[in-house]
Amino acid sequence: MAVSNGEIRMELREKVKEAYRVTLPSLFTSQIFGLFGGTFLGKYFETVRLRFPGLLVVLPGIMGLRGNVFGSMASRFSTMLYLGELEPSLRDKRILKEIVLRMVLSLIPVFLLWAIGVLTGIKKNAFDVLLIVITSTILVSFILGYFTSFVTIFAFRRGTDPDSVAAPLVASMGDFLTVPSLVLFILLIEHSPWAFKAFNYATIAFFLFVTALSRVRLEEFSELRQVFVTITALALLSTVSGSILARFSGVIQASVILSFIYPSLLSSFGNYGSIIAAKTSTKLHLGEIESFICPKAFTDILALFTTAPVIGLTKVLIGIVLVRLTTGMAVPGSAWLIVLTYPFMVLFIMLYSYTLSYFLFQRSIDPDHVAIPLISNNSDIFGTIYVVLMARLMVGA
């Protein structure tokens, strides 16, 4: 037993080193992307809340949707490259075709999210909200599609496994583009409504042109039916997060900093959960986890947990700077509650991720196919609840 404990301690030390050398830089990079988007959200949060409340309902779903849609595209391209079915060049015609397919896959759930927001009573400027999310989805999907293609092909050409680098970079770029694009279209509407309508119709015309150019066939859409069902179900589930965000938007705005770091918080919770799900799935397939209580399995969680205080502290510090630079407002001293509680929220997400992955595997469901997108979605719900609780504690509501 003593030898076993010594091995576990040695393994934990190695995993802590790996967490700081490999995982922490990627988490920090993702955090910067999320904070960039959060700066736009925080600065214009009141405008969104009062004039376009429907955007708050669809926002968590849109953010998660793009990561799932283009993350699966990166995985598909990686497989095609290894099988020799795709040329390692952006000029390959199948790239444009795949991007168009993903654009369509994104548009349908986005429309459903908007419809649910309207049906639940959030009707203010509803048509403008629909035009904003459609225009944003088309343009961001097109940019993100080529970014995904470039990252996957570039990694493959350099002899790096695209699966190791593409997914987190794609998710980060999705966060980087989503909120700023929504805010920029809001500003365009306020400045010149006719110009926005013209731009919107031009974007739709561009989408139709690209679709015709790609020569996508109807049967190719049916090949992605399983992906469509999964991402649509998850997008609809994300309305839970959106409804909570919309309902408590006032108290979140009053906390000041939480409206700035909201996208980054959700992204980091999803990243921690997804990493644990992937590691747990690998160990389960290799037979390294024989029972739910497995000390070696928990070393992954403990190692990543040591990075959470660093991410939480830098998130709040950068958030405070962004608030002061963009609004000149002071951040309540109670913001340090986030620093104190963030690591334990991360720990909860990771334990939930491990538990879900373990029991899915016990029921002969591959965690790689279900756990990661489900955990990413559930993390958004848990993260939004966490943000509301922190906001209420900070403002005394």
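Which side chains meet in a salt bridge at 3.3 Å, N to O? The side chains of aspartate 92 and arginine 94 do, and they are shown with other sites of this predicted model in the views below.

Residue numbers start from 1 along each chain as its sequence is written, and side-chain values use heavy atoms, without hydrogens and water. As the model is predicted, local features need pLDDT of at least 70 and side-chain atom pairs count only at pLDDT 80 or more, whereas totals for chains, interfaces and linings use all residues.

**View 1. Confidence along the protein.** The pLDDT, which is the predictor's confidence in each residue on a scale from 0 to 100, has a mean of 85 for the protein, and 93% of the residues reach 70 or more. Confidence is lowest in helix H8 (residues 218–222), with a mean of 68, and highest in helix H14 (residues 308–326), at 94. Helices (H or I, at least four residues) and strands (E, at least two) are DSSP runs, numbered from the N terminus.

View 2. Aspartate 92 is buried, with a relative accessible area of 11%, while arginine 94 is partly exposed at 38%. Buried denotes under 20% relative accessible area, exposed over 50%, and partly exposed the range in between (1.4 Å probe, protein chains only).

View 3. Arginine 102 pairs with glutamate 98, and their closest N and O atoms are 2.9 Å apart. Both residues belong to helix H4, where four residues, about one turn of the helix, separate them. Arginine 102 is buried at 2% relative accessibility, and glutamate 98 is buried at 6%. Elsewhere, salt bridges with shared partners link Glu11, Lys15, Lys283 and Asp300 into one network.

**View 4. Glutamate 11 and lysine 15 in helix H1.** The closest N and O atoms of this salt bridge lie 2.8 Å apart. Because glutamate 11 and lysine 15 are four residues apart in helix H1 (residues 2–43), about one helical turn separates them. Lysine 15 counts as buried, at 12% relative accessibility.

**View 5. The largest nonpolar core around leucine 55.** A nonpolar core is a set of buried Ala, Val, Leu, Ile, Met, Phe, Trp, Tyr and Cys residues joined through side-chain atoms within 4.5 Å. The largest one has 103 residues, of which Leu55, Ile257 and Leu258 touch the most other members. Helix H3 (residues 54–83) gives the most to this core, with 14 residues. Another core, apart from this one, has five residues, including Leu96, Val100, Leu101 and Val216. Beyond its neighbours within four places in sequence, leucine 55 is in contact (heavy atoms within 4.5 Å) with Val48, Val129, Ile132, Val133, Leu182 and Ile186.

**View 6. Asparagine 378 in helix H16.** Asparagine 378 lies in helix H16 (residues 367–395) and is buried, at 10% relative accessibility. Setting aside neighbours within four places in sequence, asparagine 378 is in contact with Leu237 and Tyr352.

Key: Salt bridge = Lys/Arg side-chain N within 4 Å of Asp/Glu carboxyl O.
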